[in-house]
Amino acid sequence: MTGHDQAQAPLVLVVDDNALTRAQIKGFLDATESYRVITAADGFEALAVVQRQHPAVVVSDMTMPRLDGRKLVAAIKGNPKTRHIQFILLTALDGVSNAVDGLSAGADDYVTKPFDASILCARVEAATRVARLYEELNARTRELEQAQQELEAEVAMRQRMEADIRLANKLEAIGQLASGVAHEINTPAQYVGDNLQFLSTALTDLIAFFGEQTLALVQSGEPSALDRMAERSKELDIDYLLQEMPRALSQASEGVAQIARIVSAMKDFAHPGGADKVAVDLNHLIESTVTISRNQWKDVAEVVLQLDPDLMPVECHEGEIKQVVLNLLTNAAHAIGDKRAATHETAPGRIVIGTQQEGDAVKVTLSDTGCGISERDGERIFDPFFTTKEVGRGTGQGLPIVRSVVMDRHGGRVTFESTLGVGTSFHVWLPLHAATRADEAVARAVSPEPLC
Ligand SMILES: Nc1ncnc2c1ncn2[C@@H]1O[C@H](COP(=O)(O)OP(=O)(O)O)[C@@H](O)[C@H]1O
Ligand SMILES: [Mg+2]
């Protein structure tokens, strides 16, 4: 037998308290050159060997001190990890009841002593065949288990995709609603603006007229009329009104202009973006997302844009990428808010959003001066529903959506680096031209018919 075959040969454990019998049985089995044979002097020793080496077959004496054959077989067969080991009991010729005892405790076979070498070897041979069958069965079971795991992973992925699609549909519905609201606000905002413009011009004329009349009155030199006017003007605080009215009008105009900007950004943002990827100017997308979400960050931070003016358009699902930027921006604002609250800082924090071309991809970086992410949390922030925020402020769905949109839907990638107490940067790479397998799978999931 070659060394290699030796390693492959079934392992047989011979257990007997009689050293002579042990050596004799080992001799018989060794002579067949078909097995690797190890020995143990009693049941306890045998159990230790079984646990360590997992033999295919155990040949064991019935009567032994400490732990006898019946207890040994019960221990081996009672353990799910070792119960497939084939157990042959050696019993005395007159010990029929012993044999029955052993078999009922779980032994697979028995041989009576004194035994014939060829019979013993034939029984061991049969037992190794059964052991091999069990092994094959186990291997097949493991294969099936693995196939089942793969199937479950596939189902989970499909469910995630379906959730993504549902989310995309929801976003689209919200987008349409926002777009409608924006449109409704646009018209009144426009005529408020026009009227303010008119009032502002009219006021300038009125003030000029008022000045001219006052001057004429002074020049006419009629003291009683002048006194009356001075008195009345004081009563009504006309100097103050003349000073403040133009300012009030100009502030109102500024407010309306701001409303117009927000509404236009909202219309941009709410643009539903169809099922297909379209070429999108990411700089513009970022600008309108920053405007629309001003309420989220304005109390805690300033936002600085460092956008590459030569950025190429990116083929993407526009609405989803807006959601990505919005989620990262919201997290940054929260992190800065948390740090300010913890350190009683009053100066505003800083959020920097940059874009740049990197090979066949566009890289978007969003950095904040917030509280940072601990190493332990860092391993879990992309897990669905992981949040460190109180109920109502965090849902733990922001970053999983970011990950899923960037990786699964666009074949991009997302990374971050963070220093506790200093700040965090998220980096997102989006390929300029993306057609991912996940995308095709989603398309299949949406329409059961072949797409052509
Ligand atoms: N910019 C950031 N700075 C610090 N922590 C962050 C930042 N972004 C994300 N995190 C951490 O990751 C967690 C998960 O984020 P997210 O998935 O968006 O869920 P949520 O914001 O609802 O908690 C947050 O609760 C927070 O602990
Ligand atoms: Mg979030």
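## Questions about helix H6 and the rest of the chain

Colleague: Which residues of H6 are buried?
Modeller: Helices are DSSP runs of H or I with at least four residues, strands are runs of E with at least two, and both are numbered from the N terminus. A residue is buried if 20 or more other C-beta atoms, placed from the backbone, lie within 10 Å of its own, exposed if 12 or fewer, and partly exposed in between. On that count, the buried residues of H6 are Val124, Ala127, Ala131, Met161, Asp164, Ala168, Gly175, Ala182 and Leu196.

Colleague: What pLDDT do side-chain atom pairs need to count?
Modeller: Residues are numbered from 1 along each chain as its sequence is written, while chains are lettered from A and ligands numbered from 1 in the order in which they are written. This is a predicted model, where totals for chains, interfaces and linings use all residues, local features need pLDDT of at least 70, and side-chain atom pairs count only at pLDDT 80 or more.

Colleague: How far does H6 reach from its first C-alpha to its last?
Modeller: H6 covers residues 117-220, so nine buried out of 104 leaves it largely in the open. At 1.5 Å times one less than its number of residues, the expected span is 154 Å. The model comes close to that, at 148 Å.

Colleague: And what is the phi of the residue just after H6?
Modeller: Just after H6 comes Gly221. Its phi is positive, at about 65°.

Colleague: What omega does the peptide bond from Lys113 to Pro114 have?
Modeller: Pro114 sits in the loop that links strand S5 (109-113) to H6. The bond from Lys113 into Pro114 is cis. Its omega is near -5°.

Colleague: How many Å separate the centres of domain 1 and domain 2?
Modeller: An automatic or database domain assignment sets the bounds: domain 1 is 3-115 and domain 2 is 274-452. Taken over C-alpha atoms, their centres are separated by 65 Å.

Colleague: Which helix gives the largest share of the shell around ligand 1?
Modeller: Of the 23 residues around ligand 1 (C-beta atom, placed from the backbone, within 6 Å), Asn331, Ala335, Thr387, Gly394 and Gly398 come nearest. H11 (318-343) and H13 (398-409) each supply at least two of the shell residues. The largest share is four residues, from H11.

Colleague: Is Arg393 buried or exposed?
Modeller: Arg393 is in the loop between H12 (375-378) and H13. Its C-alpha atom is 8.9 Å from that of His334, 59 residues away along the chain. Arg393 has 12 C-beta neighbours inside 10 Å, so it counts as exposed.

Colleague: What phi does His54 take, although it is not a glycine?
Modeller: His54 falls in the loop between H3 (43-53) and S3 (57-61). With 13 other C-beta atoms within 10 Å, His54 is partly exposed. Its phi is positive, at about 50°.

Colleague: What about the phi of Arg66?
Modeller: Arg66 lies in the loop between S3 and H4 (69-78). It counts as exposed, with 12 C-beta neighbours inside 10 Å. Not a glycine either, Arg66 has a positive phi of about 60°.
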